[in-house]
Amino acid sequence: DLEALRHAADGLDATRVRGIDLDAARVAIRAAIDALEGRRAESVTRFRDTLAQLAGHELRLTQMSVGISVAATLGAGTPETAALVDETRAVMTELRAAALLDRLDDALARHAPEGRSSRSTATPTGLPATAGEPS
């Protein structure tokens, strides 16, 4: 929702509170706005920089949230966005964040061509299924 993102960006910009987590949220919201307004290259750059910053500070929850935003606004249809989504999926799998993996997959499904699934191969525990094990 572009209007809600603009409102959130304005609200965060108006606060005097700073920190790595909030600064990353500001940039990620701007990246989502860029994506929805058709500035894909700018969006990818902002998302990539934000995710790298968060990973460097081990802010995993925010990193996963931003990764879901990538999936929701850009999908994984290009090598750049696929790499960002894969990084997010790896963190979620490592942390066994099954509910967040589901959200990531739901966001990706909105961008998948008809007849193609972009669902995760992760089980509810967040780990890949083994042969013969239902996922």
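The crossing of H4 past H5 is left-handed.

Quick caveat: what you're looking at is a predicted model. The average pLDDT for the protein chain is 85, and 83% of the residues score at least 70. The part to watch is residues 115-135, where pLDDT is below 50. That stretch does have 36 contacts in the model beyond its near neighbours in sequence.

Now the overall layout. We've got 6 helices and 0 strands in the protein chain, so to speak a run of α-α-α-α-α-α as you read along the sequence. Of the 135 residues, 36% are buried. And if you take the contacts with a separation of 6 or more, 49% of them are between residues 24 or more positions apart.

Back to H4 and H5. Which residues in H4 meet H5? On the H4 side you have Arg60, Gln63, Met64, Gly67, Ile68, Val70 and Ala71. Facing them from H5 are Thr81, Leu84, Val85, Thr88, Val91, Met92 and Glu94. Sorted by class, that contact has 8 nonpolar, 4 polar and 2 charged residues.

Let me stop at Arg60 for a second, which lies in helix H4. Is Arg60 buried or partly exposed? Its relative accessibility is 26%, so Arg60 counts as partly exposed. Leaving out residues up to four places away in sequence, Arg60 touches Val91, Glu94 and Leu95. And if you like a distance to check on screen, Arg60 and Met92 sit 32 residues apart in sequence but 8.7 Å apart in space, C-alpha to C-alpha.

H4 has another partner, and that's H6. Find helix H4 at residues 60-73 and helix H6 at residues 98-109; they pack at an angle of about 20°, with axes 7 Å apart. That angle makes H4 roughly parallel to H6. Here too, H4 passes its partner H6 in a left-handed crossing. From H4, the residues involved are Leu61, Met64, Gly67, Ile68, Ala71 and Ala72, and they meet Leu100, Arg103, Leu104, Ala107 and Leu108 in H6. The breakdown for this contact is 9 nonpolar, 1 polar and 1 charged.

Last pair: H3 with H5. Helix H3 covers residues 40-56 and helix H5 covers residues 79-94, with an angle of about 25° between them and axes 11 Å apart. So H3 is roughly parallel to H5, and H3 passes H5 in a left-handed crossing. Who meets whom there? Arg40, Val44, Phe47, Arg48 and Leu51 in H3 meet Glu80, Thr81 and Leu84 in H5. By class, this contact splits into 4 nonpolar, 1 polar and 3 charged residues.

Key
Residues are numbered from 1 along each chain as its sequence is written. This is a predicted model: local features need pLDDT of at least 70, side-chain atom pairs count only at pLDDT 80 or more; totals for chains, interfaces and linings use all residues. Side-chain values use heavy atoms; hydrogens and water are left out. Axes are lines fitted to C-alpha atoms, for helices over the stretch in contact, and angles run from 0 to 180 degrees between N-to-C directions. Helices (H or I, at least four residues) and strands (E, at least two) are DSSP runs, numbered from the N terminus. Angles under 35 degrees count as roughly parallel, over 145 as roughly antiparallel, 65 to 115 as roughly perpendicular and the rest as oblique. A crossing is left-handed if the near helix is turned anticlockwise from the far one by less than a right angle, and right-handed if clockwise. Contact means heavy atoms within 4.5 Å. Ala, Val, Leu, Ile, Met, Phe, Trp, Tyr, Cys and Pro count as nonpolar, Asp, Glu, Lys and Arg as charged, and the others, Gly among them, as polar. pLDDT is the predictor's confidence in each residue, from 0 to 100. Buried means under 20% relative accessible area, exposed over 50%, partly exposed in between (1.4 Å probe, protein chains only).
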